[in-house]
Amino acid sequence: MDAVRERAPQCVRELTEDDIDAVAALRVNGWRAAYTGLMPQPYLDSMSAAEYAERHRARFRRRPPGVSELVAERAGQVIGWAAVGPARDPDLAAPGGGAPVAGELLALYVAPALIGTGVGRTLLAAAEERARAAGFGLLCLWVVRGNARARRFYERAGFTPDGAEEASDAGGVSVPELRYRRPVVAP
């Protein structure tokens with residue numbers, strides 16, 4: 001238990017533009033660790049943290065209302081990143097175009113060496129708190145079907161597949177994804 005505490009983040013805070021390079025490296029390393037064998041290796045090898053950071057900076061500057069990005073850090077180093085906001089799927093939209101009723105965990109990444117140390121759980125709890133504060137009654141997320149580790153993580157956190165599926169393109173290969181959801185619960 002002490003080892004887990006030693007590896008847990010010292011703080012979770014809002015992402016700043018200064019964090020984007022670290023988040024980009026975290027994302028690229030996370031994809032390479034999680035998706036080897038699930039996506040074409042040349043696609044993973046071609047990922048560039050610098051290119052992702054440039055795109056993330058542009059998105060950060062025009063981030064839509066209601067999207068919150070968080071970083072977990074320890075000893076001044078970014079060790080995790082999460083983003084949460086209104087659900088993007090039309091079937092989860094509020095009736096009549098009202099305030100969104102569902103939130104979406106848009107991203108959750110932890111430094112690969114720190115997976116299983118509580119950083120992901122800490123970030124998920126902070127993202128859920130943002131979803132609760134935004135008034136969302138439901139939180140959903142998309143996960144690659146073959147990513148058994150991530151699916152176990154979300155299932156242990158109470159998420160269940162809701163039957164929605166889609167595929168994304170990774171280097172010309174169709175990668176199936178499943179949508180998971182769970183109610184946003186009071187603390």
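Two definitions come before the first stop. Helices (H or I, at least four residues) and strands (E, at least two) are DSSP runs, numbered from the N terminus. The expected span of a helix is 1.5 Å times one less than its number of residues. Note also that this is a predicted model: local features need pLDDT of at least 70, side-chain atom pairs count only at pLDDT 80 or more, and totals for chains, interfaces and linings use all residues. Residues are numbered from 1 along each chain as its sequence is written, and side-chain values use heavy atoms, with hydrogens and water left out.

**Stop 1: helix α5**

Select residues 119–133. This is helix α5, with 15 residues. From first C-alpha to last, α5 reaches 21 Å, close to the 21 Å expected at 1.5 Å a residue. Now colour by burial. Buried means under 20% relative accessible area, exposed over 50%, and partly exposed in between (1.4 Å probe, protein chains only). Which residues of α5 are buried? They are V119, G120, L123, L124, A126, A127, E128 and A131. An α-helix has 3.6 residues a turn, so residues three or four places apart point the same way. Step just past the helix to G135, where phi is positive, at about 90 degrees.

**Stop 2: the whole chain**

Zoom out and show the cartoon. The protein has six helices and seven strands. From the N terminus on, the order is α-β-α-α-α-β-β-β-α-β-α-β-β. The radius of gyration is 16 Å, close to the 16 Å that the globule rule gives for 187 residues, so the protein is as compact as a globular protein of that length. That radius is taken over C-alpha atoms, and the rule is 2.2 Å times the number of residues to the power 0.38. Along the principal axes, the C-alpha atoms fill a box of roughly 45 × 40 × 35 Å. Of the 187 residues, 43% count as buried.

Of the contacts with a separation of 6 or more, 66% come from residues 24 or more positions apart.

**Stop 3: helix α2 and the core**

Select residues 20–35, helix α2. At 1.5 Å a residue, its 16 residues should span 22 Å, and the end C-alpha atoms are 22 Å apart, which agrees. Its buried residues are I20, V23, A24, L26, R27, V28, G30, W31 and Y35. What covers them includes α3 (41–45), α4 (49–61), β2, β3, β4 (102–110) and β5. Just after α2, G37 takes a positive phi of about 90 degrees.

Next, select M39, W81, L108 and Y154. A nonpolar core is a set of buried Ala, Val, Leu, Ile, Met, Phe, Trp, Tyr and Cys residues joined through side-chain atoms within 4.5 Å. The largest such core has 50 residues, and these four touch the most other members. Helix α2 gives the largest share of this core, seven residues. Another core, of five residues, lies apart from it; A87, L92, A102 and C140 are among them.

**Stop 4**

Two strands pair if DSSP finds at least two bridges between them. β5 and β7 pair in the antiparallel sense over seven bridges. Find L141: its bridge partner in β7 is Y180. β6 and β7 are also antiparallel, over eight bridges. In this pair, D169 stands opposite S174 in β7. The two strands form a hairpin with two residues between them, and G171 in the turn has a positive phi of about 60 degrees.

**Stop 5**

Select F159, in the loop between α6 and β6. Is F159 buried or exposed? Its relative accessible area is 1%, so F159 is buried. Leaving aside neighbours within four places in sequence, F159 is in contact with L124, L139, L141, Y154, Y180, R181 and R182.

Go to N147, in the loop between β5 and α6 (148–156). N147 is buried, at 9% relative accessible area. Not counting residues up to four places away in sequence, N147 touches A34, Y35 and L38.

Finish at A75, in the loop between β2 (68–74) and β3 (77–86). A75 counts as exposed, at 61% relative accessibility. Its phi is near 55 degrees, a positive value in a residue other than glycine. Most residues other than glycine have a negative phi.

Key
Contact means heavy atoms within 4.5 Å.
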